[in-house]
Each structure stands twice: as C-alpha cells, then as structure tokens.
Amino acid sequence: MKNYHYLTNGVLEAYLLGLVTEHEKEELEQVLAADETVLSQLKELETEMEAYFLRNAVPPPPGIREKIELRISETEIKKWEQPIPEDSNQKSTESPSTEPQYINVEVDNTYIRVHKHWKVAFIAVFILSKIFLIAGLYYYFKANSLEQEVTRLKAETRQTAPINR
Amino acid sequence: MGTFKRIDSSRASQEVARETDRLLLYDRYGSLAYGVILQIIPEPEIAQTVLIDLFSSSQVLSYTEDSRQVSSKIIRLARAKALEARPDGFNKSVSIQEASVNDDMGKLVFDLSFYKGFTIEEIADKLQLSKTNVLSTIYTYFKQQRSS
C-alpha cells in the first residue's frame, strides 16, 4: 500500500493536533479523500486523542455557559442591526408575503437587559428625588413654623390692641 | 421609540438553532477545551476569557454544520486561541533545555509542540533531531498512551 507510511510516521497525529504546515495539510487531505484505510486510521486516532485530552479535562466554572450565551446573543444582535443590503431588499419585494413575519422569541428568564446609559439616568433620578424630598420636608416645616409664628403674632396683636385703644 | 423589523422567520429560527448548537458543543467539549487552554495559560481568568471567545466564535459555528472531526477541531482551535492569547511573559518562556530535565522524550516533544507552540522544525533544530524523528516521537508517544 503506497500510503502505508502515513499510518506510522506521526503525520496523522500532527495533523489532528494542528502541527502540520498548510502544504502538508493539503497533501494529507488529498490522501484522506482517496485512501479509506488512512481515513479510518485517522478516525480511530481522533477517538483516542479525544480520550487522551478528556483525561486532562477541567470542568469550567459555573457562569461561563451564560457568558457564552450572552456573547452569542450580542453578536447576533449586531448582525441584525447591520443595514440590510439592497439585493436582499429586492429579493423581498420580488416575493412579497401576505402575512407579516416576526421573530418568535421565547423568554425563559426573568431578567431584562437595558442600555448602560440608563444606569446614569437612574442615579440622577434617585438623587433628584432625594433633593426634592428634603426640600419638600424643609419647606413643609418652614411653612408650619411660619404659620405658628403668624398665629402667635395675631394672638399678641389681639392682646395688645385693647391696651393701645 | 424603537421599531420592529420584519425579518425572514426561517433565517431567525436558523440563527436560534445555531446558537443552541454552539451551546451543545460547549456542553460536550467545554471541559476538554478548558483543560487544553489551562495547560497553555495556567491563569484561570485569561483561560476563561479564551474559552468564552472560543465557543462564541464563528469557527465553532462552522463545526455545527460539519460534524466530522469536531473534537479534534475544537482541540486545535482551543490551542490556537490560547497560544494567541498568551500574555507576553508566557511566550515560549520555557526553554527546551529547561523542559527536557524532567520529561521523557515523547512527552517533551508533545508538550513543546502542542502546549508551548514550538513548530516541528524548531523542536528538530533544538533537540538536534530530524523532522521525521520528531514526528515519529509524537507517534510513539500516542501509541504508548493507547497501550497504557
């Protein structure tokens, strides 16, 4: 068999590990397409290599899956936000649909995501509400004391008025 | 006020399916990839960033469409991304002479090529071996691993 050397020269291992050059990779891929024996050896080796790396596998900490999910969503949102090319607009006008088409969104968590600028807005609203509260209380008590003062002065005026006469 | 965009629902459902596929790949190969990355970058914070980058990349998206050799593709991509993301201090920081003190030749060649990012030519040059010998050392190392 002319490709026998591929089974024992370590090129298959190097290929699976990404250690071969582009030229060697192309050459081997041609062999793999033509030779079933080398291909089946590669598949067998891949299974063994997976088992080898699984022995050194480390479970990622919790929360990484959510971060990946979030990153993927952000990438998808960016894709959707990109302007639609004119060609695709033409396509859509060529085959008009009678029913409106929307994304089916299934929300399975109770959190909402808002733009980071809202954080500043929330802080500003919070501070302003505190200022208004303090000002409100201040003027309430001030008005209250003024009212008492007026009442007191009225009473004094009433007491002093007969004497003046 | 925001506006709703009318879109192709089949395209949208494809995107959702792809997202799910990538997460399924993470569920299956996440530990394997994280193990590879940690061997190259032993700093968990950087390793986790690389792991997130790996499974949200467009390359992984292509693996969901072609199911052949997925594990080795993920191993290769994890290695490539980790080598790329290594802090400057880590770049081939261990010299071949230092590394050769404790390791047997098979493990040494494998570690230098896979985890340290040396090319086969560089290893051959440093260890004064031929390229063929370096490759056959990797072959022998995996053969030993199979039998052990």
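Predicted model: local features only at pLDDT ≥ 70, side-chain atom pairs only at ≥ 80, totals over all residues.
1. Chain B as a whole. Chain B holds eight helices and zero strands. Read from the N terminus, its elements therefore run α-α-α-α-α-α-α-α. Of its 148 residues, 47% count as buried. Among the contacts in chain B that join residues at least 6 apart in sequence, 60% link residues at least 24 apart.

2. Helix α4 of chain A. This helix covers residues 36-55, and its 20 residues should span 28 Å at 1.5 Å a residue. The C-alpha atoms at its ends are 29 Å apart, which agrees with that expectation. At the start of α4(A), the backbone nitrogen of A:T37 has a side-chain oxygen of A:D35 within 3.0 Å. Several residues of α4(A) are buried, including A:V38, A:Q41, A:L42, A:L45 and A:E46.

3. The annotated span in chain A. An unreviewed UniProt entry lists residues 120-141 of chain A as "transmembrane region". In the model, this span is 100% helix and 0% strand.

4. The interface between chains A and B. How many residues of each chain are in contact with the other? On the side of chain A there are 45, and they are in contact with 50 residues of chain B. The size of an interface is often expressed as the accessible area lost when the parts come together. Here the area buried between chain A and chain B is about 4,700 Å². Carbon and sulfur atoms give 62% of that area.

5. Polar and charged pairs across the interface. Between chain A and chain B, 10 residue pairs are in polar contact, with both residues at pLDDT 80 or more. The count of salt bridges between the two chains is four. One of the salt bridges in the model joins the side chains of B:R28 and A:E50, with an N to O distance of 3.8 Å.

6. Which helices of chain A supply the side that touches chain B? The elements α1 (5-8), α2 (11-17), α4 and α5 (64-81) of chain A each supply at least two residues. The most comes from α5(A), which gives 12 residues to that side.

7. Residue A:E13. This residue is found in helix α2 of chain A. Is A:E13 buried or exposed? A:E13 counts as buried because its relative accessible area is 1%, and the cut-off for buried is under 20%. Leaving aside residues up to four places away in sequence, A:E13 touches A:L45 and A:M49 in chain A, together with B:I138, B:Y139, B:F142 and B:R146 in chain B.

8. Salt bridges within helix α7 of chain A. Over all chains, a search of the whole structure finds nine salt bridges. In one of them, the side chains of A:R152 and A:E149 meet at 2.5 Å, N to O. These two residues lie in helix α7 (residues 117-164), three residues apart, or about one turn of the helix. A:R152 also forms a salt bridge with A:E156, whose closest N and O atoms are 2.6 Å apart. A:R152 and A:E156 are separated by about one helical turn because they are four residues apart in α7. A:R152 is partly exposed, at 39% relative accessible area. A:E149 is partly exposed at 33%, and A:E156 at 37%.

9. A salt bridge within chain B. B:D53 and B:K81 form a salt bridge, the closest N and O atoms being 3.7 Å apart. B:D53 lies in helix α2 (residues 44-55) of chain B and B:K81 in helix α4 (residues 70-85), so the pair ties together parts that are 28 residues apart in sequence. The two partners have these accessibilities: B:D53 is partly exposed at 32%, while B:K81 is buried at 14%.

10. A:E24, B:E121 and B:K131 are joined into one network by salt bridges that share partners.

Key
Residues numbered from 1 in each chain as written. Chains lettered and ligands numbered in written order. Heavy atoms only, no water. Expected span 1.5 Å × (residues − 1). Buried < 20%, exposed > 50% of the residue type's maximum accessible area, 1.4 Å probe, protein only. Polar contact = N/O pair within 3.5 Å; in protein donor to acceptor, adjacent residues only side chain to side chain. UniProt positions renumbered as here; feature names shortened; annotations may be inferred. Contact = heavy atoms within 4.5 Å. Buried area = accessible area lost by both parts, 1.4 Å probe.
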